[in-house]
Amino acid sequence: MSLTFTLDGKTIPFEDGQTIIQAAGKAGVFIPHLCYHPEFKPHGSCKLCTVKVNGRHTASCTMRAMPGMVVESDTEEINAERRALTQMLFVEGNHFCPSCEKSGNCQLQATAYHLGMMSPHYDHFFPNRPVDASHPEVLLDFNRCILCSLCVRASRDVDGKNVFALSGRGIKTHLIVNARSGQLGDTDFALADKAAQVCPVGVILRKRQGFAVPIGERKYDKAPIAETVTEGK
Amino acid sequence: MTYQLETAQHPISLRRVAIDPVSRVEGHGKVTILLDDQNKVHQVRLHIVEFRGFEKFIQGRPYWEVPVMVQRLCGICPVSHHLAASKALDVIVGAKKLTPAAEKLRRLMHYGQMLQSHALHFFHLCSPDLLFGFDSDVTRRNIVGVALAHPEIAKQGVLLRKFGQEVIRVTAGKRVHGTGAVPGGMNKSLTVAERDELLKDIYHIVQWSRDAVSLIQKVHTQDPGLYNSFGIFRSNFMSLVGHNGDLDFYHGTLRARDDNGKLIFDHLDYQNYNQVIEEEVRPWSYMKFPYIRAIGKEHGWYKVGPLARVQNCKQISTPFAERERKEFVDYAGGTPMHAPLAYHWTRMIEMLHAAEVIKELLHDDDLLSDDLMVEGERQMEGVGVIEAPRGTLFHHYQVDENDVITMANLIVSTTNNNQAMNEAIRHVARRYLHGREVTEGLLNHIEVAIRAFDPCLSCATHALGKMPLEVELLDVEGNRVHSLSRS
């Protein structure tokens, strides 16, 4: 007999060991997320994928699916919480979509649209975060970092290079480069690395590409994120 | 020639009248007027009181981001900044000559913008003044009033602008703040469907542009006493001209003439603009005062924009616009026309030229080509110059070896016209405000003079009668004697 749980009233089959977000993705049901990526161990930090399981909040990327679970995701209450989290991410960094080359390809922007975020709501922090342009092929724009740690995990677990890490605690947490100088140009980071491909926002950028892809032909121009993301891709 | 009425000798004893803000769109402008007890005008200044800071905050950013970021300077002619920055960065990436497709697509985008901006300026912002009179009933001195009294003119104005916006959309991806131009070329060409959609309307657009020239020519020539003298001052003038001396909004070399039309410099490669142009800072305005170095700051300032361009070029390459240029030159009598209200006439000649160029380009299959990018030997510095709707626009960047901007200098059209606009409003203040009580109609005369140069400062005045204008007359102790407000 197959294993199932319900997600917003819909029966979702799953295999033993799958998390809620994995099973939902396989069933074609979108749960908003930023730090989750199906190729990496879950991090459970962004909390965008929070759902209610049997009435209690939990991150769907870390909670294993269990038979008979009653999961709520696409509700007004949970989406309001997700929207507030997204707004906080926007004000903590410097996210200026109008001049950002990742606009249209950015998961944070697409998620904000999905959640109906109409304004940042909170006061901007306007942190001072200079870019790291020291690498010949890749630019790091820390202004847009949301601390998802996908580059940390990709560099460590796939590339075997440990180029990135999260340093500091709480509100002072920030992305650092593992070099004595702190500069990407002084590491063995390469454009072909997995870590160069996974950034959901506009931090890790291939240099000199910018706006080569026109408006209207970018990933989320073609379809909203809920239709393009399944199984967390 | 200059500095009269710029600074009163004993300002403390004078009354101050302020128009603040003059506009509410591209930066706040303010006019201050100092009057003595007999209402004699002692000082008139157009202040630009908003600090933008783009030159500073793009330092440290990657160069390929700049054409998209700096266009946010303006919501009316962002394409100008987009293309001027792209031209400067073409130099940085070593793209000495763009592909024919890329150059024509950029040209199409730019001439589309020229069309929409000139239409917006003439029909939406200025036609109420010109059709109804400068001190006519304020409640109908707006585009709605024009639509009621002259529905066909208003409709053509709206549709001309709409067409220009559509040209921008298909070339840049969006009507405002698109991304079409990239360093070294373009990121998209036109589809056959996009081209054909524009082709359907372009013949109307050319005809309506011809009608617009006829309209302003008629308005101007019917009242030469007003139109040839209102706000008049003599000055040098400067613009880009095409390499053959023709009118060219996208590319060419710099040419400047003195107030009699005699060449000051010509065929100047704009990469060397800072050898001939200097910028002066004055403490009362955030806007600098450029001047031609060789002449000096007192007499070296100049005007830019349609009136300068149409009189600076040898000819216009398109037939209808060239015919109109000749009529204008004949009317001026063989010497340069300096009247600010002649800007409107020349602006409409330019709009007609833009429409004709768009028509020609739409018949060129290069627009459909995907051969869009070139690159070459990387450079550390580049200058891009373009003729924006309201005048010559300079973008100058230096980039380090890591691709990051280290220096930026922008001289925008409004800056180039700074002294010229100040001179115009001083003339108007002397002529119309002298010894009179301040009224809305008289204040509008000041704004009519500003509006002739630059809708970035004059806009909003006719925005459905909601221009936020407040004027106060204060006595020596600063007490309010009289005030007028409009909100």
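**Reading a helix pair and its core**

Analyst: In this predicted model, helix H6 (residues 151–172) and helix H7 (residues 192–222) of chain B have axes that come within 9 Å and cross at roughly 140 degrees. Because angles over 145 degrees would count as roughly antiparallel, H6(B) is described as oblique to H7(B), and the crossing in which H6(B) passes H7(B) is left-handed.

User: Which residues of H6(B) and H7(B) meet, and how many are nonpolar, polar or charged?

Analyst: From H6(B), residues including Leu160(B), Phe163(B) and Val167(B) meet a set in H7(B) that includes Leu198(B), Ile205(B) and Trp208(B). By class, this contact has 9 nonpolar, 2 polar and 4 charged residues, with Glu166(B) of H6(B) and Asp201(B) of H7(B) also among the residues that meet.

User: Which residues have the most contacts inside the largest nonpolar core?

Analyst: In soluble globular proteins, nonpolar side chains tend to be buried together. Here the largest nonpolar core has 193 residues, and Leu115(B) and Ile425(B) have the most contacts inside it; helix H4 (residues 100–132) of chain B gives the largest share, 14 residues.

User: What does Leu115(B) touch beyond four places away in sequence?

Analyst: Among its partners are Leu160(B) and Phe163(B), two residues that also take part in the contact of H6(B) with H7(B), while others include Met351(B), Ala354(B) and Ile358(B).

User: What share of the residues in chain B is buried?

Analyst: Of the 487 residues in chain B, 53% are buried, and the chain has 15 helices and 16 strands.

Key: Residues numbered from 1 in each chain as written. Chains lettered and ligands numbered in written order. Predicted model: local features only at pLDDT ≥ 70, side-chain atom pairs only at ≥ 80, totals over all residues. Helix = DSSP H or I, 4+ residues; strand = E, 2+ residues; numbered from the N terminus. Buried ≥ 20, exposed ≤ 12 C-beta atoms within 10 Å, placed from the backbone. Core = buried A, V, L, I, M, F, W, Y, C linked by C-beta atoms within 7 Å. Contact = placed C-beta atoms within 7 Å. Axes fitted to C-alpha atoms, helices over the stretch in contact; angles between N-to-C directions. Parallel < 35°, antiparallel > 145°, perpendicular 65-115°, else oblique. Left-handed = near helix turned anticlockwise from the far one by under 90°. Nonpolar A, V, L, I, M, F, W, Y, C, P; charged D, E, K, R; others polar.
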